Amino acid sequence: AEEIWVPVPIPLPMGIAKGWHPGACGPATFMCGPYMIILLAQLGQTVLVPVLPFLVREMGYSRSAYGVLQSATWMSQTILSPLLGALSDSLGRRNVIFVSLLVSAAGCLLLGLSSSYPMMLAARVITGSGFQIALFRAYFADTTSKDKRTGTFGLMGVTLNGALILGPLIGGAVSEFAPALLQGATALGGKRVCALVACAIFISGALVCALWQPDEKLIDSRLSRQSSSANLSRQPSAASPTPPVQMERSTGEGGSGGGGGG
């Protein structure tokens, strides 16, 4: 019997393969590029997921106090997200991302050294006031063409999900084994050491951000094209000029002739 081959399209999830080419995901590009910064920043946030409730309980506070800590973090992110976006438009994406990573690192450091609930609350607010994933969404929207934008956002989603998988594993392992492996960790406790590890991860992300060379020229050219097109849309079109208005002077003959007829 003769074999018949029928091509069957297989849709891939999250648009990873759309517009993808091997040069865009080389080791050097990933190690010193935006995806590594996203991975480290999300690891710094998710490392504390398995240990923060137990840290609150060890300090003698209730479950509602833990809920307030989490809500304060998300509230600070929600309030400051438009401000960071506006600052990145004027100061540059990399500068704002670099400073925001250092701010989140300072919040984790304060959490690891906190001795009261107000200090923990301030630490979580500072951490939430730092890094925002919306900054990278704006960067990719500015620097990626439409045919490659789906693959870029899909790869960013894979990076975020990878941090969600690895972060709690790292946090649980550090809080469990750090007191046995490190002498100084016994006095602090494994959960506080986990906060210090999150601080170190954020600082590592800031160092990668310092080495990162974003395509700011492409962003500036696109913004200038948008502003020029907006200015052209405000100008009147030359294809439909305003018709001239003709002024006629009345001689008054019609009025006198009417009067004579009367």
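These are my notebook entries on a predicted model of one protein chain.

**Ground rules**

I number residues from 1 along each chain as its sequence is written, and side-chain values use heavy atoms, with hydrogens and water left out. Because the model is predicted, local features need pLDDT of at least 70 and side-chain atom pairs count only at pLDDT 80 or more, while totals for chains, interfaces and linings use all residues.

**Entry 1: the whole chain**

I looked up the secondary structure and found 12 helices and zero strands. Helices here are DSSP runs of H or I with at least four residues, strands are runs of E with at least two, and both are numbered from the N terminus. Along the sequence the pattern reads α-α-α-α-α-α-α-α-α-α-α-α.

I then checked burial: 35% of the 262 residues count as buried. Buried means under 20% relative accessible area, exposed means over 50%, and partly exposed lies in between (1.4 Å probe, protein chains only). The chain exposes about 15,700 Å², and carbon and sulfur atoms supply 66% of that area. The areas come from the Shrake-Rupley method with a 1.4 Å probe, and for residues only the protein chains shown count as cover.

Contacts came next, meaning heavy atoms within 4.5 Å. Among contacts between residues at least 6 apart in sequence, 79% join residues at least 24 apart.

**Entry 2: helix 2 and Thr46**

Helix 2 covers residues 34–46. I compared its length with the expected span, which is 1.5 Å times one less than the number of residues. Its 13 residues should span 18 Å, and the end C-alpha atoms are 18 Å apart, so the two agree.

How many of the 13 residues of helix 2 are buried? I found 12, so by the under 20% cut-off the helix is mostly covered. Among them are Pro34, Tyr35, Gln42 and Gly44.

Thr46 sits in helix 2 and is buried, with a relative accessible area of 7%. Beyond its neighbours within four places in sequence, Thr46 is in contact with Ala163, Leu164, Gly167 and Pro168.

**Entry 3: the second largest pocket**

I looked for open space on a 1 Å grid over the protein atoms alone. A pocket is an open set of points with protein on both sides within 12 Å along at least five of seven lines, where a 1.4 Å probe is fitted, and lining residues have an atom within 4 Å of a point. The second largest pocket has a volume of about 230 Å³, counted as the space filled by probe spheres set on the points, which are joined across faces, edges and corners.

Its lining has 19 residues, and Gln45, Thr46, Val49, Trp74 and Arg124 lie nearest the centre. Helix 2, helix 4 (63–91), helix 6 (117–128) and helix 8 (146–181) each give two or more residues to this lining. Which helix gives the most to it? Helix 4 does, with five residues.

By class I noted nine nonpolar, nine polar and one charged residues in the lining. Ala, Val, Leu, Ile, Met, Phe, Trp, Tyr, Cys and Pro count as nonpolar, Asp, Glu, Lys and Arg as charged, and the others, Gly among them, as polar.

**Entry 4: two loop residues**

Val49 is in the loop between helix 2 and helix 3 (52–58). At 47% relative accessibility, Val49 counts as partly exposed. Val49 and Pro168 are 119 residues apart in sequence, yet their C-alpha atoms are 6.0 Å apart.

Met59 is in the loop between helix 3 and helix 4. Its C-alpha atom is separated by 7.7 Å from that of Ser116, 57 residues apart along the chain. Neighbours within four places aside, Met59 is in contact with Ser114, Ser115, Ser116, Met120 and Arg192.

Ile79 and Ser129 are 50 residues apart in sequence and 8.5 Å apart C-alpha to C-alpha.

Helix 5 spans residues 93–113 and holds Phe98. Its 21 residues should span 30 Å, and its end C-alpha atoms are 31 Å apart, which agrees. The buried residues of helix 5 include Arg93, Ser100 and Leu111.

Phe98 counts as partly exposed at 29% relative accessibility. Neighbours within four places aside, Phe98 is in contact with Ala206, Cys209 and Ala210. I also noted 9.1 Å between the C-alpha atoms of Phe98 and Val208, 110 residues apart along the chain.
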